[in-house]
Amino acid sequence: MLTNRSKVVVKKEMNFWERIYLPAIFGGVAVTIKHMFRRKTTVRFPEAKREISSVWRGQHVLKRDEKGAERCTACGLCAVACPAEAITMTAAERKKGEEGLYREEKYASVYEINMLRCIFCGLCEEACPKEAIFLTDRIVPTDFQRNDFVYGKDKLVEKVNERIDVSVRQTPAVTEFKKHKSLSHNR
Amino acid sequence: MIAFLTYKIILVLVIFTITLAVAAYSTYAERKVAAFMQDRIGPDRAGPFGIFQPLADGLKFIYKEEIIPNVSNKLLFIVGPCVAMLTALMAGVLIPWGDTVTIGGIAYSLQIADLNVGILYVFGVVSIGVYGIMIGGWSSNNKFSLLGAIRASAQMISYEIAMGLAIIALILMTGTLSLKEISLQQAGGVGSHWTMWNVVYQPLGFLIFIVCAFAECNRTPFDLPECETELVGGYHTEYSSMKLGFYLFAEYINMFVSSAVISTLYFGGFNFPFMNDLGLTQNWITILGAIALFAKVLFFVFFFMWIRWTIPRFRYDQLMNLGWKGLIPLAILNIGLTGFFTLWLGHK
Amino acid sequence: MTLYAFYFLTFLAIISALLVVFSKNPVYSILYLVITFFAIAGHYVLLSAQFLAAVHVIVYAGAIMVLFLYVLMMLNLNKEDEPHKPTLVKFAAVLAAGILLVVLIGSLKGASVIQQKTGPEIGLVKNLGKVLFKDFLFPFEISSILLLAAMVGVVMIGKDEPKSKTESE
């Protein structure tokens, strides 16, 4: 009664037509038969995929640079930014002769994202100073065991010869921002 | 004698196969109809449009682990689904699928057996059908199964009365119990020899009959014996593998047979409009008639599914009120009206 | 052919009738009783009384026995709570049943075999109806009144007794 929005429920005595059920049944039957000829909402998944927004946030990728070296330096900013605490990593120092593998002196020897915890908010991507982690338009597939949802570097880092294009997801504002080479972020 | 036996055996085998095939594909149709009414597509993985789905389901049923509960009554546990299946198949014997086909001067009837107590036989077999459910539910030694069985028996007995009274009104009008004769009386339909289907004369009786048929087949809105929300799985809670398959299969066969009985009694059986005006030979009329009856039966099977995916389940007291306080007085009224009009109009 | 069917049905009827009495489990008794009824329905068919057979199956096997089964399942009779009957009651039961048997045998012995009308048409609904509503109209109606009386009695017993006003206060 405080909000004046409460409704008084009245349980009325049914009249004759309501009591013989038939009009209601015919009404219901008409509704269902109409639905039979409606457009179906099912998407036959593996063959057809649901249309998604251009900025849709799906499974993560750890990018490599142009030469094929991993961009991630295990700074941990993504893990700090993550509201679901889904990211863990272990940092390691680059040895001699590994310059082709890792871009900078420090790299992530272990990098794990728990896909069951992840809420796909994209804060890790925003936090990353090295443009290493991006969310892509890929869907995280289902699995049978909880362990299998903890994605390690084997699943996250893109293959050297199968690069994953993330430019589609960048909004015009971001691409504009990236053009300014003088800003420290873009160096 | 030998020729007669071969003809009967072939007929039995054909009708048996058709019944089983229709029952198998009813499971597929049920899922498809449900899906379409809910704006989905339904099973479409096994073969084109999923038409091999019944085979896959059947294989699954056969290969599933067979569990017989330790505390159950083992013999009756096995007898239950057998009785359900047996009675479901027995009722189909009397359906007249057509008049006669003359091959080589001998007239072959498309009906396995024309008993002169026809409809009463069907009725008797249907009333036996409840034993399958009761035995299965009791022998499982599970309270939910037992409750399901008890509900089934109470429901089926209550609705059998109204069903019988609805049939009595029809028999008053037709003056015969034989399904074949009832079919023949409705011959013609629209076209020359204006004889209407019985549904025109017996709309109330038809309505009562079809509601009772829903209840006898344990179909929604009367599927309280297997009401999931209250009874887990009802009388077949403890069943697994092909025994569960038998119960589910029996339900679809029952549906097929009751659709056939409804079409025969009220919708002209194997007769179709303009059948006497097309100038066809007797054999062609019979074959087209069989197809017409099949189409009618399929429509009613669809109607069963249509209702199932439209109307929610009744509450148990509503079910009993509808049966005893609604349908039985209506059926008695119907008998009275039919008797009055039969005398007044001198019909038959 | 008919003779063999008769022997088979008789054998089935007697065996299952005996099993009705000797089964420990009342549910088994009922199921055997159902088989007995089927055998008797078979006998009706042999006597070319198809209508009677069908009605027998519908009413007895299909309805009354289901209700028996229904009640038994609700009762949940276990071996533990089976009431122990005193020897005197058992003796009285045997005596009463024996007397009934003697009466039955006596009456059957004195009865002469009625030469029945034969023919496949005899048991059809039309003939049966004519007999019932012409020759035996009075007993038929009396039995229907009997059933009505039973029904009224059940309704009276089953009705809620109106609470007296002092009680409901």
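**Close-up views of the chain interfaces and nonpolar cores**

**View 1. Polar pairing between chain A and chain B.** Nine residue pairs in polar contact are counted between chain A and chain B (both at pLDDT 80 or more); a polar contact is a pair of N or O atoms within 3.5 Å, where within protein one must be able to donate a hydrogen and the other to accept it, and residues adjacent in sequence count only if both atoms are side-chain atoms. The side of chain A that touches chain B has seven nonpolar, five polar and five charged residues (Ala, Val, Leu, Ile, Met, Phe, Trp, Tyr, Cys and Pro count as nonpolar, Asp, Glu, Lys and Arg as charged, and the others, Gly among them, as polar). The model is predicted: local features need pLDDT of at least 70, side-chain atom pairs count only at pLDDT 80 or more, and totals for chains, interfaces and linings use all residues. Residues are numbered from 1 along each chain as its sequence is written, chains are lettered from A and ligands numbered from 1 in the order in which they are written, and side-chain values use heavy atoms, with hydrogens and water left out.

View 2. Two salt bridges are counted here (a side-chain nitrogen of Lys or Arg within 4 Å of a carboxyl oxygen of Asp or Glu). One of them joins R45(B) and E47(A) at 3.0 Å, N to O. About 1600 Å² is buried between the two chains, 67% of it from carbon and sulfur atoms; buried area is the accessible area (1.4 Å probe) that two parts lose on being put together, summed over both. In chain A, the most area is lost by M36(A), K40(A) and R44(A), together 33% of what that side buries.

**View 3. The interface of chain C and chain B.** Chain C gives 24 residues and chain B 21 residues to this contact (heavy atoms within 4.5 Å). The buried area is about 1900 Å², with 81% from carbon and sulfur atoms. In chain C, I58(C), V66(C) and M73(C) lose the most area to chain B.

**View 4. Nonpolar cores.** F209(B), L265(B) and Y266(B) touch the most other members of the largest nonpolar core, which has 88 residues. Such a core is a set of buried Ala, Val, Leu, Ile, Met, Phe, Trp, Tyr and Cys residues joined through side-chain atoms within 4.5 Å, buried meaning under 20% relative accessible area (1.4 Å probe, protein chains only). A second, separate core of 24 residues includes I128(B), L31(C), L69(C) and M73(C).

Notes
Buried means under 20% relative accessible area, exposed over 50%, partly exposed in between (1.4 Å probe, protein chains only).
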